[in-house]
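Me: I have a structure open and would like to go through it slowly. Could you help me with that?

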There are 2 protein chains.
Amino acid sequence: MKLKDIGEFGFIDRIEPLCKIHNPDVLRGIGDDCAVIGISPELNLLVTTDLLVERVHFLLDWQSAQALGAKALAVNLSDIAACGGTPKDVFVSLAVPDHVEINWLENFYKGMSDLSDRFKVSILGGDTTRSLTDLIINITVTGVSKNGETLLRSGAQSGDIIVVSGYLGDSSAGLELLLNSRDVPESIASSLINAQLSPTPHLRQGRSLAQSNACNAAIDISDGLSSDLGHVCKQSRLGATIFEARLPVSEPLKWLAGHLAIDPLEWVLNGGEDYILLAAIKPDKFGEIRLRAAAEGWDLIEIGVFDSTPGIKFVKASGETLPIIPCGWDHFKSEMPFGQI
Amino acid sequence: MKLKDIGEFGFIDRIEPLCKIHNPDVLRGIGDDCAVIGISPELNLLVTTDLLVERVHFLLDWQSAQALGAKALAVNLSDIAACGGTPKDVFVSLAVPDHVEINWLENFYKGMSDLSDRFKVSILGGDTTRSLTDLIINITVTGVSKNGETLLRSGAQSGDIIVVSGYLGDSSAGLELLLNSRDVPESIASSLINAQLSPTPHLRQGRSLAQSNACNAAIDISDGLSSDLGHVCKQSRLGATIFEARLPVSEPLKWLAGHLAIDPLEWVLNGGEDYILLAAIKPDKFGEIRLRAAAEGWDLIEIGVFDSTPGIKFVKASGETLPIIPCGWDHFKSEMPFGQI
């Protein structure tokens, strides 16, 4: 049996029993955006790691070395954001094939370095070795969060309001444009492709949610809305209802969907790599956190509600309700070497 | 220009200026076995990461999945040992090609799990994704050490005695036997191949050295004696003299060298992956630490002395002194896809 037969999440279910916890300070192991370990009565250590493989996650000619360096770091910072933490230190492992030049690698580090300056994180080393075929990038990021302010996937309560912190689907539409060139105006293309190639981790939003005392759970949208909402439902043992009319769709995405005469919903529901946050907000605190977000200048968009009926219910604009099955991105279940659509 | 033109260490020199330290608690970034970060007045966090690539570092048919899982974890635990630390948590990233079965992966995790039980470390997750060609394994391990007991490469003093904690060269001789089958008795072959495939991290030795107040610097022998001693010399701004007659050579290695009619010195000086410790011991504490090691049942072998004359001087059994140039394993400078000899 191969991984593609059971997918990444089926595999995690199988190996979890082999991952015994000997450290009594571990608050969360496998199954969240970060592992969470108590390091003092006040502070938790967060650790996240992400592996990117050439031809599976990216092609070298899609973007500059600097842009890829920044993205490789950004997707890890997004996991720290999902836990409401402050990122601290970065460890970079590279396996480098012969077709990658020193100059390219220096620019890759320059991209990481610029983003690390912006978010005040330190690159503390790693490992550099050889690859015979594809460029391999593994980044591990540590961060900290206050005990009592660490956001997990498992804390949502029935009645909590589901919010997201930005547009859905732009990144996967951008990937579609990278994979299949289309006759699209430059401003539309650059907006969507930028969402795919240069995501900004929502660290400020995560910190704000963590400090608000209004947020019961959070996750970053990396696999796609349906899949990541499914993770929160599973970990919190809840169902959820989301409303088509409330899903935030950008103007460029609407334009592209219209131009291609397709429904943007596939991108919005199942597209991955948005790297915005999805959170569960206590209903009596919703007004307060909405004002806080507005004052701080970030988007907080209500898209639905957690409930105790199993599954994700999707209320169409027409009023009809359909069950939706989480089917975001799983590299092993895809037939294609890359591409989510 | 390619990485093979400047090697891994030349590359580190180039990227180090791009790795700015924003975290005031960082005590050591790039350039040691672990990064060291203060997390309380008493305690330091240690972080190490290691990337293993199929066909560069291992072949699947060399060993069982369990043995490879254990080794992949052991080499990271060895870095924690070199800093005198106690390992805590493990994060595993895998990129899995189609030729690797679920059953193999479960056994790989079983191998890690068994070693993690032995050393009481916790496997807390990671990332699993797809590879189009080779199996990729990245492991990150965190650990802790007491402030004031953390061993670095940079602390050696002129006059310190150079010790190692086990035999040198067995692992690279074992690799030679894996790469080129030889007519060798089973007991010889299994001893050497076992050193290559199933190294034991010297965690007890590292803790003992750290607690002894006798040790000024340490490193694990992963690249080879000449190369790793060179790292300590460079970081401590010292030279060193080592004595051929004192280098610990196992009986199986002597037998194999005799059988092949070659000098075992190439393996002993430049072979990598021994995963024993090399340490700088204060001369006035040497008697004490030797007794301590004997009482605890581990080997502490004096092989030379640090001095202020640049370079590594090698005193042959004949009495002649030669300079030796660090030339341990650097994947980028090797002509072969794998193999150190």
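Predicted model: local features only at pLDDT ≥ 70, side-chain atom pairs only at ≥ 80, totals over all residues.

Me: ok, in what order do the six strands of the open sheet in chain B come?
Reply: The order across the sheet in chain B is 1-2-3-6-4-5, and the pairing of its six strands is mixed. From one strand to the next, the twist averages 20°.

Me: and which strands stand at the edges there?
Reply: Those are strand 1 (26–28) and strand 5 (122–130) of chain B, and each has a single partner strand, so one side of each is left without a neighbour in the sheet.

Me: how do strand 2 and strand 3 of chain B run, and how many bridges join them?
Reply: Strand 2 (residues 35–38) and strand 3 (residues 43–53) of chain B run antiparallel, and four bridges join them. If you want one pair to look for, B:Val36 has B:Leu46 in strand 3 of chain B as its bridge partner.

Me: what does helix 2 of chain B touch on the sheet?
Reply: Helix 2 (residues 65–82) of chain B packs on the sheet and touches strand 3, strand 4 (86–96) and strand 6 (136–146) of chain B, with its direction at about 30° to that of strand 6 of chain B. Helix 3 (residues 102–118) of chain B also packs on the sheet, where it touches strand 4 and strand 5 of chain B, and its direction makes about 160° with that of strand 5 of chain B.

Me: at roughly what angle do the axes of helix 2 and helix 3 of chain B cross?
Reply: They cross at roughly 45° and come within 7 Å. Angles under 35 degrees would count as roughly parallel, and 65 to 115 as roughly perpendicular, and helix 2 and helix 3 of chain B are therefore oblique to each other. Their crossing is right-handed. The residues that make the contact include B:Ala70 and B:Leu73 of helix 2 of chain B, and B:Phe108 and B:Met112 of helix 3 of chain B. By class, this contact of helix 2 with helix 3 of chain B has 12 nonpolar, five polar and two charged residues.

Me: is the crossing of helix 2 and helix 6 of chain B left-handed or right-handed?
Reply: The crossing of helix 2 of chain B with helix 6 of chain B is left-handed. Their axes come within 8 Å and cross at roughly 15°, and since angles under 35 degrees count as roughly parallel, that is the term for this pair. B:Leu77, B:Ile80, B:Ala81 and B:Ala82 in helix 2 of chain B meet B:Leu203, B:Gln205 and B:Gly206 in helix 6 of chain B.

Me: switching to chain A, into which domains is it divided?
Reply: Chain A is divided into domain 1 (3–146) and domain 2 (153–324), and 23 Å separate their centres, taken over C-alpha atoms. In the contact between these domains of chain A, 21 residues of domain 1 meet 21 residues of domain 2. Helix 2 of chain A gives the largest share of the side of domain 1 that touches domain 2, with 11 residues.

Me: last one, how many residues does each chain give to the contact of chain B with chain A?
Reply: The contact takes 66 residues from chain B and 66 residues from chain A. On the side of chain B that touches chain A, the largest share comes from strand 5 of chain B, with nine residues. That side of chain B has 29 nonpolar, 20 polar and 17 charged residues.

Notes. Residues numbered from 1 in each chain as written. Chains lettered and ligands numbered in written order. Pairing = 2+ DSSP bridges. Helix = DSSP H or I, 4+ residues; strand = E, 2+ residues; numbered from the N terminus. Axes fitted to C-alpha atoms, helices over the stretch in contact; angles between N-to-C directions. Contact = placed C-beta atoms within 7 Å. Domains from an automatic or database assignment. Nonpolar A, V, L, I, M, F, W, Y, C, P; charged D, E, K, R; others polar. Parallel < 35°, antiparallel > 145°, perpendicular 65-115°, else oblique. Left-handed = near helix turned anticlockwise from the far one by under 90°.
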